[in-house]
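Here is a friendly note to go with your first look at this structure. Please keep the sequence and the 3D view open side by side while you read.

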Amino acid sequence: MFKPLYYLGCKASISDTIREAIDFVDPSHGRVCDLFAGSGAVAASMSTSRDVTSVDIQEYSRVICDAQLNPAQMSARELAAVPKEVAESATLRTLEFCLEALIELEQEAAHSAISGNPADITALIEAPPLLFSASEQGRGKLVAARKSARARLAEHNLLNSPDSTVSRYFGGLYFSFRQTAYLDAALSNASQRRGRNRNTLISAVLSTASTMVNTVGKQFAQPIRPRDKSGNIKPSIVSSAVKDRCIDAGSVHSEWMHEYATIQATGRLHEAIRGDYLEVLSRKGEEFSVLYADPPYTRDHYSRFYHVLETMCLRDEPVVTT
């Protein structure tokens, strides 16, 4: 089963059982609506035998589901060429130049951590997003590197640009800055496409981010905490951080492009909708032969687990509360 994300409550392992239950309820094989689609595991499993409508209030879900239900109209060779385009893009070169001081500092910190000195990598993880460097006080290599990055981003008109959103909001915290530069460049490349191709290319970047992210469970509910309650650095957390932050984004992206290239079109009429479930039901309910509803199990909305992916899809400037 194709699993594009590390997703809380993913039903991929029981999708066959769910499909059998849906067929029992509706043997006519009419259109099915997956009302809280998430990563699209159930919607995809039903797509070969039914027309499917996936619904979720999150944009990343719409994009991921559409990529699976309506595969890109690009050949495997064309999809495989995308990571090379990103690696050679002017956007990536510019971002790596702007973040140069931070990237070099991260490399030094990783080597120091491997040698038994985790202080520098811990400082990088604990530092606030680059977004806040404008009011930063103090001295030291980390402060200087962050100020250098902001100055260069401003010089290249990237300080408030969607081409640097991942780096400014999530660099150092969830990913290395070398990784965020690649993710931003890959999203920039994908945003220039249209239709199915665009959603597939964005989905591959989301899958890449999900593979690389340095958090507990590969989710985004909160950053890792490298210290215990007494303030001592946790060796296992630091070791995991170094491992995740040394993953090559281009290689992972290439692997995911290959995975998305294997998705076959079903020839059926599928759609992926971003919207509130009640609004969608009131507007389109009569089109559905059967509903599959798997809502969150508590009052807690799942969006907080995947807010990074949502921001990557929207490429917006979310307000940060303090």
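**Notes for a first look**

1. Let's begin where two helices touch. Ile-121, Thr-122 and Ile-125 in H8 meet Val-238, Ala-241, Val-242 and Arg-245 in H13. Sorted by class, the residues of this contact are 5 nonpolar, 1 polar and 1 charged. Please bear in mind throughout that this is a predicted model.

2. How are these two helices set against each other? Two packed helices are described by the angle between their axes and the distance between the axes. For helix H8 (residues 119-126) and helix H13 (residues 235-245), the angle is about 75° and the axes are 10 Å apart. H8 and H13 are therefore roughly perpendicular to each other.

3. Now turn to helix H12 (residues 195-212). With 18 residues at 1.5 Å a residue, H12 should span 26 Å, and its end C-alpha atoms are 27 Å apart, which agrees. Is H12 largely enclosed or open? Of its 18 residues, 14 are buried, so H12 is largely enclosed by the rest of the structure.

4. Ala-204 gives a view from within H12. Its relative accessibility is 0%, so Ala-204 counts as buried. Which residues does Ala-204 touch, leaving aside its neighbours within four places in sequence? They are His-253, Trp-256, Met-257 and Tyr-260. As for Val-32, 172 residues away along the chain, its C-alpha atom is separated from that of Ala-204 by 26 Å.

5. Two of those partners of Ala-204, Trp-256 and Tyr-260, also form an aromatic pair with each other. The pair is tilted, at 6.1 Å centre to centre and 50° between the planes. Trp-256 and Tyr-260 are both buried. They are 4 residues apart in helix H14 (residues 249-261), and are therefore separated by about one helical turn. An α-helix has 3.6 residues a turn, so residues three or four places apart point the same way.

6. How many aromatic pairs does the structure hold? There are 10. In one of them, the rings of Tyr-60 and Tyr-306 have their centres 5.7 Å apart and their planes at 45°, so this pair is tilted. Tyr-60 belongs to helix H3 (residues 59-69), while Tyr-306 sits in the loop between strand E4 (290-292) and helix H16 (307-314), so the pair ties together parts that are 246 residues apart in sequence. Tyr-60 and Tyr-306 are both buried. Together with Tyr-7 and Phe-305, these two tyrosines form one aromatic cluster.

7. Ser-188 is a residue of helix H11 (residues 177-191). Buried or exposed? At 6% relative accessibility, Ser-188 counts as buried. Beyond its neighbours within four places in sequence, Ser-188 is in contact with Thr-91, Asp-163 and Arg-315.

8. Most residues other than glycine have a negative phi, and most peptide bonds are trans. His-29, in the loop between helix H1 (15-25) and strand E1 (32-34), has a positive phi near 60°. With a relative accessible area of 34%, His-29 is partly exposed. Asn-157, in the loop between helix H9 (141-155) and helix H10 (165-170), has a positive phi near 55°. At 68% relative accessibility, Asn-157 counts as exposed.

9. Finally, find Gln-73 in the loop between H3 and helix H4 (76-80). Gln-73 counts as exposed, at 61% relative accessibility. Leaving aside its neighbours within four places in sequence, Gln-73 is in contact with Arg-196 and Asn-197. Where does Ala-261 lie relative to Gln-73? The two are 188 residues apart along the chain, and their C-alpha atoms are separated by 9.8 Å.

Terms used. Residues are numbered from 1 along each chain as its sequence is written. This is a predicted model: local features need pLDDT of at least 70, side-chain atom pairs count only at pLDDT 80 or more; totals for chains, interfaces and linings use all residues. Side-chain values use heavy atoms; hydrogens and water are left out. The expected span of a helix is 1.5 Å times one less than its number of residues. Buried means under 20% relative accessible area, exposed over 50%, partly exposed in between (1.4 Å probe, protein chains only). Axes are lines fitted to C-alpha atoms, for helices over the stretch in contact, and angles run from 0 to 180 degrees between N-to-C directions. Angles under 35 degrees count as roughly parallel, over 145 as roughly antiparallel, 65 to 115 as roughly perpendicular and the rest as oblique. Contact means heavy atoms within 4.5 Å. Ala, Val, Leu, Ile, Met, Phe, Trp, Tyr, Cys and Pro count as nonpolar, Asp, Glu, Lys and Arg as charged, and the others, Gly among them, as polar. Rings of Phe, Tyr and Trp (its six-membered ring) pair if their centres lie within 6.5 Å; planes under 30 degrees apart count as stacked, over 60 as edge-to-face and the rest as tilted.
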